[in-house]
Each structure stands twice: as C-alpha cells, then as structure tokens.
Amino acid sequence: MKKLYTVLAFLVVSILLSGCAPQEGGVFYNSLVEPFIYLIKFFASFFNNSYGIGIIIVTICVRLIVMPFMLRSFKGQKKMQFKMKKIKPQMDEINEKMKSAKDEQERAQYSQEMMALYKEHGINPLGMGCLPMIIQMPILMALYFAISHNDALASHSFAWFNLGIPNIFMALIAGALYLLQAYLSTKYLPEESNGQMKYIMYISPIMIFIVSMSTPAALPLYWSASAIVLIVQQYISNKYFNYHEDELQTSS
C-alpha cells in the first residue's frame with residue numbers, strides 16, 4: 001500500500017507542479033529553490049556554461065544525499081515483509097473471522113486481535129518507512145522547481161537537444177530508465193504481492209514519458225539522471241537487504 005501511495009503522490013506532484021511554482025521571495029523559494037538554481041549555474045561554469053551538465057551533477061548530488069534515508073527505508077520494509085510473512089497464517093485466520101463477524105462489535109474485537117498480533121511481533125503497519133519519503137520530498141520538489149521554472153535553461157543546449165523545448169528522444173530515455181528501475185524494484189517483492197505491485201510500479205515510467213513529451217527537455221534530463229542513481233540504489237537494496245528468514249530471526 002505504501003508503494004501505491006508513493007507512486008500516486010509522484011504522479012500528482014509531477015502533473016500539478018508543472019503548472020505552478022513557489023513565489024520568488026518566499027521562504028521555500030529563497031531557502032531551497034534559489035540555492036539549486038545557483039548550484040546548477042555554478043557547476044555549469046566549470047563546463048563551458050553547460051547547464052545540462054550542471055543539472056546532471058546537482059541531481060546526482062541530491063540523490064546521493066537522500067540515498068541513506070531511502071536505503072534505511074528499504075531495509076525496514078524488507079524486515080517488515082518477512083515479519084508479515086511469518087505471521088501470515090495467523091493474519092489469514094483473523095481475517096476470515098472478521099469476514100464472518102455478525103456485528104461491528106465482533107469485528108472490532110477481531111481488529112483488536114490483529115493489532116495485538118502486530119504488537120507481539122513488532123509490526124507497525126502505519127509506519128513502514130514513510131519518514132524518509134517525507135524528508136526528501138521538499139528537497140526534490142525544490143530541485144524540480146529550480147529546473148522546470150528556470151528561464152535561463154531555454155537558451156542552452158546539451159548534447160543534441162535544446163533544454164528549453166520538448167525532445168522525444170529524451171522522453172524515451174527517461175521513460176526507459178524508470179522502466180528499468182521499476183523492474184528492479186519489483187524483482188524481489190514477495191510472490192503474493194509481486195503481481196499487484198508490478199502493474200502499479202509500471203505506471204510511473206509511463207507517466208514520466210507522457211509528461212516528458214510536453215515539457216522542456218531539461219526535465220527528462222533531470223529524471224534520467226535521477227533514475228540512474230535510483231537504479232544503483234535499488235541494486236544496493238536488492239543485494240544487501242534481501243534477507244532470509246533465518247537472518248531476520250537472528251537480528252530480531
């Protein structure tokens with residue numbers, strides 16, 4: 001469910017933010033957006049004022065900064081998945097009782113049993129790693145605004161395209177990279193949730209491609225650089241946080 005909320009939040013933010021921006025002189029703009037605009041220009045100055053390279057460097061730096069938070073979140077999710085798998089027979093039994101409950105009082109009783117089961121095994125279904133998402137959102141939003149509403153980018157080119165106008169090839173690259181990231185993110189999901197989450201996670205690459213088709217190429221460039229870091233991040237998560245049940249019992 002958390003992954004679904006994350007994907008939906010990303011889609012809503014991506015679509016809505018393309019039409020609005022924080023006011024210049026505001027606290028959010030001055031404290032986060034403006035520094036990113038400066039950093040893009042600063043790094044670009046080392047490469048013959050290449051704003052494209054500036055965007056790539058700043059994007060990678062930001063993603064590396066928030067990566068520890070995300071890896072911590074992944075680690076918590078993996079442990080939680082194994083704990084949930086361990087008590088799944090008991091959960092199924094309680095759910096069956098809830099389905100056959102005669103009244104609300106009886107359902108409430110079984111709900112209390114479920115909460116007690118969660119508590120006994122140290123499971124918090126409402127806190128499965130959402131804090132890292134909340135921490136990184138203002139930072140990523142500020143970087144998004146610094147790129148999407150930076151008029152200086154319109155007059156600059158990078159590689160074969162102009163940063164200020166849409167480019168179908170960059171849209172394809174951004175969509176393909178996020179497609180690869182989505183595949184990696186579903187590769188080690190539990191079998192019972194893999195089928196559902198696979199389709200949900202693949203919504204993101206499709207929407208990124210659609211949005212990139214009508215936005216300045218600076219944005220799919222940002223998304224492409226971001227996706228590369230996310231792919232590395234997902235690889236690390238899959239490799240080092242792919243716990244086995246005996247390891248979980250040892251660490252519990």
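## Basis of the values

In this predicted model, local features need pLDDT of at least 70 and side-chain atom pairs count only at pLDDT 80 or more, whereas totals for chains, interfaces and linings use all residues. Residues are numbered from 1 along each chain as its sequence is written, and side-chain values use heavy atoms, with hydrogens and water left out.

## Helix 5

Helices (H or I, at least four residues) and strands (E, at least two) are DSSP runs, numbered from the N terminus. Helix 5 covers residues 104-120; at 1.5 Å a residue its 17 residues should span 24 Å, which agrees with the 24 Å between its end C-alpha atoms. The expected span is 1.5 Å times one less than the number of residues.

Tyr110, Met114, Leu117 and Tyr118 are the buried residues of helix 5. Seen down the helix axis, they fall within an arc of 100°, so they line one face of helix 5. Buried means under 20% relative accessible area, exposed over 50%, and partly exposed in between (1.4 Å probe, protein chains only). The arc is that of the directions from the helix axis to the C-beta atoms. These buried residues pack against helix 3 (51-86) and helix 4 (88-99), where contact means heavy atoms within 4.5 Å. Turned away from the buried side of helix 5 are the exposed residues Glu104, Gln105, Gln112, Lys119 and Glu120. Gly122, with a positive phi near 70°, follows helix 5.

## Helix 9

Within helix 9 (residues 203-212), the buried residues are Ser204, Pro205, Ile208, Val211 and Ser212. Their arc, seen down the axis of helix 9, is within 130°, so they line one face of the helix.

## Annotated spans

An unreviewed UniProt entry lists residues 51-71, 123-147, 159-180 and 200-223 under "transmembrane region". UniProt positions are given in the numbering used here, feature names are shortened, and annotations may be inferred rather than shown by experiment.

Residues 51-71 are 100% helix and 0% strand, with end C-alpha atoms 30 Å apart. Residues 159-180 are 59% helix and 9% strand, and their end C-alpha atoms are 23 Å apart.

## Aromatic pairs

The whole structure holds 8 aromatic pairs. One of them, Phe42 with Phe46, is edge-to-face, at 5.0 Å centre to centre and 80° between the planes. Tyr222 and Trp223 form a tilted pair, at 6.4 Å and 35°. Rings of Phe, Tyr and Trp (its six-membered ring) pair if their centres lie within 6.5 Å; planes under 30 degrees apart count as stacked, over 60 as edge-to-face and the rest as tilted.

Tyr222 and Trp223 are both buried. Phe42 is partly exposed at 33% relative accessible area, and Phe46 is exposed at 55%. Ring pairs link Phe42 and Phe46 with Tyr38 and Phe43 into a cluster.
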